[in-house]
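This briefing sets out the architecture of the structure shown here, topic by topic. It begins with the contact between the chains and then turns to each chain separately.

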Amino acid sequence: MSGSNEPGGLSRDDVMHVAVLARLELSEDEVELFTAQLSSVLAHAADVAALDLSHLEPSSHPIPVENVLRPDVPRPSLDRAEVLAAAPSVEDDRFRVPRIGGEAP
Amino acid sequence: MSTARAIAAAVRSGERSAREVTEAALADVDARDDTIHAFLTVLRDEALAEADAVDATVAAGGDPGPLAGVPIALKDNLCTRGIVTTCGSKILDGWRPPYDATVVELLRRAGGVALGKTNMDEFAMGSSTENSAFGPTRNPHDTDKVPGGSSGGSAAAVAAGFAALSLGSDTGGSIRQPAALCGVVGMKPTYGRVSRYGLVAFASSLDQIGPFARTVEDAALLYDVMAGHDPLDSTSLPVDAPSTLETLEHGVEGIRVGVCGDLIDGCAPDVRARVQQAAEALSAAGAKVEEVSVPEFAFGLSAYYLIAPAEASSNLARYDGVRYGLRIDAEDAATMNTATRTAGFGDEVKRRIMLGTYALSAGYYDAYYAQAQRVRTLVMQAFDRAYTSFDVLLGATAPSTAFGIGELVDDPMAMYMNDICTIPSNLAGHPAVSVPFGTGDDGLPIGVQVLAPALAEALLLRVARVLESAAPTGGSQ
């Protein structure tokens with residue numbers, strides 16, 4: 001990822017790269033707009049980036065999160081027909097998608 | 001519309017029918033919601049059928065429950081089986097979930113009547129409800145102003161009197177801020193206290209469902225119905241949730257209240273004056289009121305706007321045009337994914353997905369995401385320190401009264417500043433409530449915020465109840 005001298009350190013190339021990772025397509029105008037807007041948010045976050053917090057552990061959750069298990073007893077799942085009814089395309093009780101392969105970004 | 005308590009009492013005793021209450025609510029929505037636009041979907045036939053079932057129970061000598069016949073509005077990110085659930089997004093337009101959220105099931109079991117699904121900022125990302133793909137909601141107190149957000153439709157539905165109660169979700173203030181701007185009570189419970197099964201995820205370590213009401217008692221009534229463990233939500237706390245209604249009138253004698261300048265000083269003068277007045281009211285009611293400084297709160301906003309987008313970028317990866325919602329067809333799957341997401345998401349959602357993707361990407365993870373999580377630890381420790389000397393904290397909910405439609409929508413950072421007083425409680429997973437407390441210089445509602453430690457909802461609502469009874473009834477002084 002390329003660096004930049006803009007506030008927040010986010011360049012047009014960064015924005016275009018991130019859009020590819022997030023599977024979004026941006027117009028030229030959107031690249032321009034989002035570069036400025038995201039830079040302004042990251043510039044605000046500079047206060048946090050500058051803190052020395054090496055003595056603290058990161059918290060992913062406000063409460064300790066542990067694996068939750070239940071007895072392994074069979075029970076009904078969601079109705080298959082009802083679930084598939086919400087899908088854009090279905091074939092033989094499965095989700096149908098276009099060709100996959102050879103297209104990884 | 002009467003309070004939920006009054007409606008439920010009248011319906012349970014047979015004095016009023018749930019059908020009559022529901023018909024009146026639907027007629028009111030028909031007459032006035034073209035202007036307010038609180039609802040995305042009105043559940044006409046479904047609500048009448050639920051009302052009839054409540055009346056049938058009463059006729060048979062049964063008790064439909066504590067919410068008997070009460071019209072309730074649901075934020076449109078709560079799954080309702082067979083009923084369109086959009087999250088304010090084109091990408092889910094027309095989606096009918098195959099199951100009900102646990103809270104929806106609990107309301108129904110308590111006799112509540114789901115009146116409709118309310119407008120919201122797309123995927124709950126916003127503070128004004130202007131990011132809805134289906135047009136903004138207007139503030140019932142002044143239709144040129146925003147209702148706040150992201151649960152703006154739910155706040156407006158209660159403020160306008162369409163529903164006695166509504167449900168919202170609060171990730172960074174999305175219940176409390178619109179409650180403040182619309183002049184209603186809005187509460188975010190402790191993280192894990194209310195099941196999130198069937199709440200469409202935005203930022204999973206922060207999201208929490210909570211009530212809107214016109215009175216603190218009604219908010220307590222709705223919270224009590226929803227609180228408790230749910231095996232369908234692995235983050236649901238396996239502990240009992242004591243009734244908040246039972247202790248609601250216990251007052252604040254001897255309660256230690258910390259007036260937190262860090263949640264006040266950056267606000268408009270009329271907001272600051274109201275918080276000061278609220279502090280005096282608590283003192284007059286017997287609380288021990290002192291000032292407290294928690295400077296770490298200042299870092300909450302930056303941390304939040306890294307953590308929430310990071311989690312959102314992961315949660316919203318599921319909108320790929322495969323299992324539900326929009327699909328824009330293409331030759332291959334990756335092109336289809338990209339075309340679908342590009343067409344289906346609005347600008348704010350794209351911004352947050354990109355911000356989160358960036359914060360999680362190689363080379364930036366430690367500097368932004370991990371650092372934000374350390375700030376979260378810092379904020380949690382700061383709360384713990386404050387709560388060694390105080391039982392609750394008092395601050396503002398929002399920095400100003402309602403702003404104009406269109407005023408901040410082109411400046412994301414200015415919009416994000418709306419959440420500055422509400423974010424700390426989300427980072428720490430603590431409960432907090434906004435209580436209407438008079439109006440500002442412009443005559444629009446102001447909310448004051450009470451914050452409490454984890455699981456202290458009963459105390460939180462006791463304090464809120466005292467503030468409600470002491471609230472100025474009008475005027476800016």
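In this predicted model, the contact between the two chains takes 58 residues from chain B and 48 residues from chain A.

**The contact between chain B and chain A**

- On the side of chain B that touches chain A, the elements giving two or more residues are α9 (300-315), α10 (333-344), α11 (347-360), α12 (365-389), α13 (412-416) and α14 (423-428) of chain B.
- The largest share of that side of chain B comes from α12(B), which gives twelve residues.
- Divided by class, the residues of chain B on the side that touches chain A are 30 nonpolar, 18 polar and ten charged.

**The sheet of chain B**

- Chain B holds an open sheet of eleven strands with mixed pairing, in which the strands follow the order β1-β3-β2-β4-β6-β5-β10-β11-β9-β7-β8.
- The edges of this sheet are formed by β1 and β8 (288-292) of chain B, and because each has a single partner strand, one side of each is left without a neighbour in the sheet.
- From one strand to the next, the twist of the sheet averages 25°.
- Strand β1 (residues 39-42) of chain B pairs with β3(B) in the antiparallel sense over three bridges, and in this part of the sheet Val42(B) has Gly116(B) of β3(B) as its bridge partner.
- Strand β2 (residues 71-75) of chain B also pairs with β3(B), here in the parallel sense and over five bridges, with Ile72(B) standing opposite Ala114(B) of β3(B).
- Strand β3 (residues 113-118) of chain B, to which both of these pairings belong, is mostly covered, six of its six residues being buried.
- Elsewhere in the sheet, strand β7 (residues 256-260) of chain B and strand β9 (residues 392-396) of chain B pair in the parallel sense over three bridges, and Val257(B) stands opposite Val392(B) in β9(B).

**Helix packing in chain B**

- Helix α2 (residues 18-36) of chain B and helix α3 (residues 44-59) of chain B have axes that come within 8 Å and cross at roughly 160°, which means that α2(B) is roughly antiparallel to α3(B).
- The crossing of α2(B) and α3(B) is right-handed.
- On the α2(B) side the contact involves Ala18(B), Arg19(B), Thr22(B) and Leu26(B), which meet Arg44(B), Ala47(B), Leu48(B), Ala51(B), Asp52(B), Val54(B) and Asp55(B) in α3(B).
- By class, this contact of α2(B) with α3(B) comprises six nonpolar, one polar and four charged residues.

- Most residues other than glycine have a negative phi, and most peptide bonds are trans.
- Ala124(B), although not a glycine, has a positive phi of about 70°; this residue lies in the loop between β3 and α5 of chain B and is buried, with 30 other C-beta atoms within 10 Å.
- Thr129(B) likewise has a positive phi, of about 65°, without being a glycine; Thr129(B) is found in the loop between β3 and α5 of chain B and counts as buried, with 33 C-beta neighbours inside 10 Å.
- Gly149(B) and Ser150(B) are joined by a cis peptide bond, with omega about 10°, and Ser150(B) has its place in the loop between β3 and α5 (152-159) of chain B.

**Chain A**

- Chain A has four helices and two strands, which follow the pattern α-α-α-α-β-β when read along the sequence.
- Of the 105 residues of chain A, 20% count as buried.
- Among the contacts in chain A with a separation of 6 or more, 35% are between residues 24 or more positions apart.
- Helix α1 (residues 12-21) of chain A packs against helix α2 (residues 28-44) of chain A at an angle of about 105°, with the axes 9 Å apart, which means that α1(A) is roughly perpendicular to α2(A).
- Arg12(A), Val15(A) and Met16(A) of α1(A) make this contact together with Val31(A), Phe34(A), Thr35(A) and Leu38(A) of α2(A), and by class the contact has five nonpolar, one polar and one charged residues.

Technical notes:
Residues numbered from 1 in each chain as written. Chains lettered and ligands numbered in written order. Predicted model: local features only at pLDDT ≥ 70, side-chain atom pairs only at ≥ 80, totals over all residues. Axes fitted to C-alpha atoms, helices over the stretch in contact; angles between N-to-C directions. Parallel < 35°, antiparallel > 145°, perpendicular 65-115°, else oblique. Left-handed = near helix turned anticlockwise from the far one by under 90°. Contact = placed C-beta atoms within 7 Å. Nonpolar A, V, L, I, M, F, W, Y, C, P; charged D, E, K, R; others polar. Buried ≥ 20, exposed ≤ 12 C-beta atoms within 10 Å, placed from the backbone. Pairing = 2+ DSSP bridges.
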